[in-house]
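Look at the structure, then read the points below.

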Amino acid sequence: MMLVPYRKDYRKIILGILSFIPGLHDYDRVAEEVDWSLGVGNPIYLWQNDENGDFSGAAIVELGPEYVLIRWISFLPSERSGKNVYAFLTALHQKYANRRLMGTMATQPLITNWEKMHRSEERRV
């Protein structure tokens with residue numbers, strides 16, 4: 001699996017994956033969120049299976065000087081395992097190694113669980 005930055009030709013894929021988020025089901029609402037995020041310079045990433053090239057997840061992040069805020073994160077229903085979500089978050093953490101991952105009210109519980117798992121893995125190494 002690998003982290004892939006947004007490109008215009010991925011727009012429909014991003015809109016489709018993000019539409020699985022409660023509150024973003026409506027196409028126009030999802031499109032507004034993507035357009036706003038791109039307009040203010042927030043990166044958007046896809047999670048791609050490097051074996052078959054399929055995309056299974058997407059995230060919109062906001063970069064601060066010391067943090068990476070996970071604004072939205074979504075996976076296809078068949079790919080919503082903790083393993084995939086945590087691997088995606090770990091890849092984001094590695095990309096922005098000097099910044100702390102943070103979440104919104106909606107995404108913070110996921111980030112908190114990832115942090116616990118990540119800390120326990122670091123202790124084992």
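Helix 1 (residues 11–18) lies across strand 2 (44–48), strand 3 (55–63) and strand 4, and runs at about 90 degrees to strand 3. Helices (H or I, at least four residues) and strands (E, at least two) are DSSP runs, numbered from the N terminus. Axes are lines fitted to C-alpha atoms, for helices over the stretch in contact, and angles run from 0 to 180 degrees between N-to-C directions.

This is a predicted model: local features need pLDDT of at least 70, side-chain atom pairs count only at pLDDT 80 or more, and totals for chains, interfaces and linings use all residues. Residues are numbered from 1 along each chain as its sequence is written, and side-chain values use heavy atoms, leaving out hydrogens and water.

**Helix 2**
- Helix 2 (residues 27–39) packs on the sheet and touches strand 2, strand 3 and strand 4 (contact means heavy atoms within 4.5 Å).
- The direction of helix 2 makes about 155 degrees with that of strand 4.
- Val30, Ala31, Glu33, Val34 and Ser37 of helix 2 are buried (under 20% relative accessible area; exposed is over 50%, partly exposed in between; 1.4 Å probe, protein chains only).
- The cover over these buried residues includes helix 1, strand 2, strand 3 and strand 4.
- Exposed Glu32 and Gly39 sit on the face turned away from the buried side of helix 2.
- Gly41 follows helix 2 and has a positive phi, near 85 degrees.

- The open sheet has five strands in the order 1-2-3-4-5, with mixed pairing (two strands pair if DSSP finds at least two bridges between them).
- Its edge strands are strand 1 (2–5) and strand 5 (100–103).
- Strand 4 (residues 67–75) pairs with strand 5 in the parallel sense over four bridges.
- Val68 stands opposite Leu101 in strand 5.
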